[in-house]
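Hi,

Here is the structure I promised to pass on.

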Amino acid sequence: MTSQLPVNSSQSYARAVPKPDVDPTVQLELSVDRSSPVPLYFQLAQQLEAAIEHGTLTPGSLLGNEIELASRLGLSRPTVRQAIQSLVDKGLLVRRRGVGTQVVHSQVKRPLELSSLYDDLESAGQRPATKVLVNTMVSASAEVAAALGVPEDSEVHRIERLRLAHGEPMAYLCNFLPPGLLDLETAQLEATGLYRLMRAAGITLHSARQTIGARAATPAEAERLTEEPGAPLLTMQRVTYDDTGRAVEYGTHTYRPSRYSFEFQLLVRS
């Protein structure tokens, strides 16, 4: 059975997310296969999630109500409610009193490979933006010195940036670079990604050592990322090397898990 779901833009979300550039009355083709062993709510949830991931449902779009959607698809209201709730739990939809169910954003799934967050966001159609918080020279701590292979207390370049997608904070990035590697102007850092600037300077990125973890947000981190203090955050530490084996960057990053995840493939050894 195939039906269409009208999606109307909502003005109440315009302050948090830029107004979508597409027609706000996008029509979605949705269908459910009753002969499939896949639960009906899951079939519907998958199609709505795909529409969000592909940008058909843009941030700020308002879904039709559950009763209307259930009627169009010939489903029960609890089935539709379960599908929508599963996307609310993933952080893709939000229920707003007096407004309805709105699309918030799609989650960026970052592959475990040597890539830049800026490039990943751009590839996912997330309209990345950067706010530079710190761009200065500092004395290397023992941790930073060990990571970059420089003497402790020697000068290194410290960059702190807030990375946004669709105007909403997604990650806080703190990077350290060895002295003399390249000149980094704040305007450049806000216009593009760090790895692009490195490649443009003739630096060949070869490999990295990366650690992924999770912890509770400090009050300062929560404020930066518009989360509650103590909220869970994804963390990542990375040391990146060029083709000569020289460490060219040490980064410590925190991410909002509702907006971001790491994705990798596991192979079975025979």
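Which residue in strand 12 does Leu173 stand opposite? It's His253. Before the rest, some housekeeping: this is a predicted model, where local features need pLDDT of at least 70 and side-chain atom pairs count only at pLDDT 80 or more, while totals for chains, interfaces and linings use all residues. Residues are numbered from 1 along each chain as its sequence is written, and side-chain values use heavy atoms, with hydrogens and water left out.

Now the sheet. Six strands form an open, antiparallel sheet in the order 7-8-9-12-11-10; strands here are DSSP runs of E, at least two residues, numbered from the N terminus, and two of them pair if DSSP finds at least two bridges between them. Strand 7 (128-139) and strand 10 (205-216) are at the edges with a single partner strand each, so one side of each has no neighbour in the sheet. From one strand to the next the twist averages 15° (angles run from 0 to 180 degrees between N-to-C directions of axes, which are lines fitted to C-alpha atoms).

Strand 9 (residues 168-177) has 10 of its 10 residues buried, meaning under 20% relative accessible area with a 1.4 Å probe, protein chains only. Nine bridges tie strand 9 to strand 8 (residues 155-165), with Arg158 partnering Phe176. The two make a hairpin with two residues between them, and His166 in the turn has a positive phi of about 55°. Towards strand 12 (residues 247-255), strand 9 has six bridges.

Cheers

Technical notes: Buried < 20%, exposed > 50% of the residue type's maximum accessible area, 1.4 Å probe, protein only. Helix = DSSP H or I, 4+ residues; strand = E, 2+ residues; numbered from the N terminus.
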